Amino acid sequence: MERSDKDSAKIEAMFSSIASRYDLLNRLLSLGRDRYWRKYAVDQLPNIDNGTFLDIATGTGDIAIEIAKRYSSGTKVVGVDLSEKMIEIGKEKVIKEGFQERIELGTGDINSLVFRDNSFDAAIIAFGIRNIQDYQQGIKEMARVVKDGGKIVILEFTSQQNRFFKKPYRFYITKVLPFISSIISGKKSAYRYLSESVIDFPPPEGLKKIMEESGLREVKYHSLTFGITTVHTGFK
C-alpha cells in the first residue's frame, strides 16, 4: 500500500513546519485525550527491568519520556523522527525532565533504521505508521530491530469509529480540525493531510492482517475513545 504523497522528504518538511505548535495543537485538538492514548500505548510495553526501547516517530519525545518515567533507572530509550526540528524540541523536554542520560533522540526513518538486528526489547510507534508509503515494510523494519519474542506496539488514529460517533467525528476531522489548526499554526495543509491520512488508513482488522503478514504473532488491538484511536500489539 503506497502513496506518493507520503514521501519521507515531504513528511519531514510538513512536520518541521508545525513543530513549534505541535504539542499545543495535540492537546487542544484532542481535548487532552492524546495524553491518555499515549499512556495506554506505553502500558502495553513489556515490563522489563533495565530494558532498551525504541520509539519511532517520536516527535517531541512524549512517548520516550513516558517510558522513562515508568521504568527503572537502568532503562534506555532511543527515539527517532524524520523531523530535526521535532527532535530539537524533544531534546529540550528530555533535559527539562532530567532524562538526558536515559533517553537518546535523533533523526531516523522507519523505512531504513540504522540499528542492528535484535537491538531492542520492544518498539513503539505513535501516530506515525500512517505516514509511511508501505505499512508492511515499516512494520517489518520495526520487527527486524527487535529481539526474538520482543513486542511491537502501534498507536494510530483509525478510519473506523463507533457507528453513532462516525458522522460527527468525520465532520470534526475534515472541517473543524483543519480550520482551528490553520489559525493556530498557519499551516492548514498539514492538518488537511492529517484528515486525509486518517480516512485513508486501514480499519483495525486491516492493520491486524498487515501485522500478521509482516510476521508478527499474537496480534491484538484495543480501540479507544469511541474508536478514534486504536492500539495494536504483536510479538516478533
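I looked up the second largest pocket to start, and about 340 Å³ of space lies in it. I noted how that works: on a 1 Å grid over the protein atoms alone, a pocket is an open set of points where a 1.4 Å probe fits, with protein on both sides within 12 Å along at least five of seven lines. Grid points are joined across faces, edges and corners, and the volume is the space filled by probe spheres set on the points.

This is a predicted model, where local features need pLDDT of at least 70 and side-chain atom pairs count only at pLDDT 80 or more, while totals for chains, interfaces and linings use all residues. Residues are numbered from 1 along each chain as its sequence is written, and side-chain values use heavy atoms, without hydrogens and water.

Next I checked the lining (residues with an atom within 4 Å of a point). For the second largest pocket I found, among others, Arg27, Asp62, Lys93 and Glu97. The elements giving two or more residues here are α3, α4 (62–70) and α5 (84–97); helices are DSSP runs of H or I, at least four residues, numbered from the N terminus. α4 gives the largest share, four residues.

Which classes make up this lining? I counted one nonpolar, no polar and ten charged residues. Asp, Glu, Lys and Arg count as charged, Ala, Val, Leu, Ile, Met, Phe, Trp, Tyr, Cys and Pro as nonpolar, and the others, Gly among them, as polar.

Then I turned to the largest pocket, with about 510 Å³ of space. Its lining has 28 residues, and Leu29, Ser30, Trp37, Phe157 and Leu177 lie nearest the centre. α7 gives the most, five residues. By class I found 21 nonpolar, three polar and four charged residues.
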